[in-house]
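I opened this structure for the first time today. My notes follow in the order I looked things up.

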Amino acid sequence: MTLPELIAALEAATEPSRELDAEIAIAVRLAPEGPGWWRSKPTWTWKHASHGPNVEPWAAPNYTASLDAALTLVPGGLFWGVSAGKLTPREPLYGASILAPKDNALGDVLGEGESSASAAIALCIAALRARLT
């Protein structure tokens, strides 16, 4: 899934999703890859062929449910903000922005995201958009 496709899937999400968490981990190249690794779709975890039965599989962080996990997607050195609230009934509940610093102040907006599903999803969208710039 490309970053634009992943952003579109996050915008359409109605709740946090382990599947989307796994896709984010793949998109930001955090997920294990290479010979011997495989992904289990029912649990969205990764295991290596050399792992024995007592080795826990690797799982993507809960990006879409946890603000702490979503914050790890924000590129270093940038400012971020997350807000909640609606002015009209049709607006998404949560919004997030990623901004570049400029002269010890807030600079250009590099990514924005909105979601009614979770604040973490809004931040994921904004952070992934910032990675596109």
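Predicted model: local features only at pLDDT ≥ 70, side-chain atom pairs only at ≥ 80, totals over all residues.

Entry 1, helix H2. I started at the N-terminal end of H2, which Ser 17 caps. A side-chain oxygen of Ser 17 lies 3.2 Å from the backbone nitrogen of Glu 19. H2 itself covers residues 18-27. I listed its buried residues: Leu 20, Asp 21, Ala 22, Glu 23, Ile 24 and Ala 25. Next I asked what covers the buried residues of H2. The cover includes helices H1 (3-12) and H4 (119-132). It also includes strands E1 (37-40), E2 (45-48) and E3 (58-59). After H2 comes Arg 29, and I noted its positive phi, near 60°.

I found Ser 115 in strand E6, residues 105-115. Is Ser 115 buried or exposed? Its relative accessible area is 5%, so Ser 115 is buried; the cut-off for buried is under 20%. I then checked its side chain: a polar atom there lies 2.9 Å from the backbone nitrogen of Ala 117. I set aside neighbours within four places in sequence and looked for contacts of Ser 115. I found Pro 92, Leu 93, Tyr 94, Ile 121 and Ala 122.

I looked up a nonpolar patch formed by Leu 67, Trp 80 and Val 82. Together they have about 250 Å² of accessible area. Leu 67 belongs to helix H3, residues 67-71. With a relative accessible area of 37%, Leu 67 is partly exposed.

Definitions and conventions. Residues numbered from 1 in each chain as written. Heavy atoms only, no water. Helix = DSSP H or I, 4+ residues; strand = E, 2+ residues; numbered from the N terminus. Buried < 20%, exposed > 50% of the residue type's maximum accessible area, 1.4 Å probe, protein only. Polar contact = N/O pair within 3.5 Å; in protein donor to acceptor, adjacent residues only side chain to side chain. Contact = heavy atoms within 4.5 Å. Patch = residues over 30% accessible without salt bridge, like charges linked within 9 Å, V, L, I, M, F, W, Y side chains within 5 Å. Areas by Shrake-Rupley, 256 points an atom, 1.4 Å probe, with all protein chains shown as cover. Salt bridge = Lys/Arg side-chain N within 4 Å of Asp/Glu carboxyl O.
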